[in-house]
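I opened this model to see what holds its parts together.

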Amino acid sequence: MIRLATFLSKGDVRPRLGAAEGETLRDLTAAHGADLDMRRALALPAEELRAAIAAAPRRLALADVHLLPPIPDPGKIFCVGKNSKVHRAELVREGMLKEDPQEPTGFVKLREVMVGDGARVARPEGITTFDYEPELAFIVTKRAFQVPRERARDHVGGITVLNDLTAREIQKQEVASGTKFWVSKNMPGFCPVGPFAVPMAEIADPYDLWLTCEVNGQQRLRVSTDEYIHRIEGIIAFFTRFMPFEPGDVIATGAPRGTAIGHPNAAELYLKPGDVCVAGLEGVMRITTHVVAPGEA
């Protein structure tokens with residue numbers, strides 16, 4: 001399986017593109033120049049991309065590089081909300097949701113809060129309900145505007161993982177005031193993404209995967225992506241009626257059931273300083289986040 005990464009090695013001032021193979025990374029930037037970035041690589045036909053990888057002999061140890069989010073500078077990180085029937089019921093029960101939408105809903109995470117694999121993310125001062133939300137995310141590689149369902153997948157080039165970290169008590173306040181998650185989901189470091197992007201051609205069916213989350217080595221959830229209500233075809237068709245998606249945009253498609261808020265012992269499960277949270281797509285990729293105290297990130 002092709003796993004592309006955006007990374008920095010020692011001395012780099014600009015991100016580089018690589019292809020992960022085992023514990024090493026083929027340096028595509030060294031072979032093909034800076035013009036071949038993640039956006040362009042994901043838009044290549046599969047055979048052309050494979051040839052580009054094969055023509056990159058320089059290898060770096062994964063342990064020696066810093067993995068950035070696959071798209072470190074997206075125009076927007078668009079998140080689909082309420083896209084799991086069970087998670088929707090969990091939110092209603094906890095006073096986090098007042099409506100029962102029958103069409104896709106969305107909100108935005110700021111790219112300034114995006115972090116890569118291994119990031120240290122501070123649980124903000126005073127926040128005690130810090131939750132994890134592993135999500136299947138798609139990367140747009142072709143401008144999408146007024147796109148019908150049957151052509152929607154032509155506009156996405158790959159998938160990745162986004163952990164939509166959330167301060168639940170602030171989210172509850174925002175729901176009560178009628179605002180849309182601007183603060184609860186946009187605190188520093190609240191958007192781990194990656195560590196890889198996998199081209200769509202490598203994934204037989206993105207809705208036949210397992211979203212997972214572990215905290216301190218304990219599995220917290222394992223949910224099939226088949227449980228998503230709205231899929232990428234409907235999401236793109238619905239929102240691009242009036243709003244375009246641009247190359248490099250990231251579309252996160254919703255939290256699954258089983259996040260901390262969905263459990264009766266949620267207070268024990270919320271993330272605390274010292275916790276190691278690993279979100280992933282089983283057999284595809286895992287992204288690790290270290291939760292630290294304020295001032296330690």
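**Entry 1: a first pair.** I looked up R168 and E133. Their side chains meet in a salt bridge, with 2.7 Å from N to O. I then placed both residues: R168 sits in helix α5, and E133 sits in the loop between β10 (130–131) and β11 (134–140). The pair therefore ties together parts that are 35 residues apart in sequence. I note that the model is a predicted one.

**Entry 2: cover on that pair.** Are these two residues buried or exposed? I checked each one. R168 has 1% relative accessibility, so it counts as buried. E133 has 3% relative accessibility and counts as buried too. The cut-off for buried is under 20%.

**Entry 3: a second pair.** I moved on to E233 and R153. Their side chains form a salt bridge at 2.5 Å, N to O. E233 belongs to helix α6 (residues 232–239), while R153 lies in the loop between β11 and β12 (156–163). This pair ties together parts 80 residues apart in sequence. E233 is at 17% relative accessibility, so it counts as buried. R153 has a relative accessible area of 32% and is partly exposed.

**Entry 4: a third pair.** Next I took E214 and R286. They form a salt bridge whose closest N and O atoms are 3.3 Å apart. Which parts of the chain does this pair link? E214 is in strand β16 (residues 210–215) and R286 is in strand β20 (residues 285–292). These are distant parts of the chain, 72 residues apart. R286 is partly exposed, with a relative accessible area of 46%.

**Entry 5: a network.** I followed the shared partners. Salt bridges join K109, D131, E133, D164, R168 and K185 into one network.

Entry 6: Strand β1 (residues 4–8) is joined to strand β2 (residues 16–21) by 4 bridges, and the two run antiparallel. F7 stands opposite R16 in β2.

**Entry 7: a surface patch.** L110, W182 and V183 make a nonpolar patch of about 280 Å². W182 lies in the loop between α5 (168–177) and β14 (191–192). It is at 48% relative accessibility, so W182 counts as partly exposed.

**Entry 8: the whole chain.** I finished by stepping back. The chain has 7 helices and 20 strands. Its radius of gyration is 19 Å, close to the 19 Å that the globule rule gives for 297 residues, so the chain is as compact as a globular protein of that length. The C-alpha trace spans about 55 × 45 × 30 Å along its principal axes. Of the 297 residues in the chain, 58% are buried.

Notes
Residues numbered from 1 in each chain as written. Predicted model: local features only at pLDDT ≥ 70, side-chain atom pairs only at ≥ 80, totals over all residues. Heavy atoms only, no water. Patch = residues over 30% accessible without salt bridge, like charges linked within 9 Å, V, L, I, M, F, W, Y side chains within 5 Å. Areas by Shrake-Rupley, 256 points an atom, 1.4 Å probe, with all protein chains shown as cover. Salt bridge = Lys/Arg side-chain N within 4 Å of Asp/Glu carboxyl O. Buried < 20%, exposed > 50% of the residue type's maximum accessible area, 1.4 Å probe, protein only. Pairing = 2+ DSSP bridges. Rg over C-alpha atoms; globule rule 2.2 N^0.38 Å.
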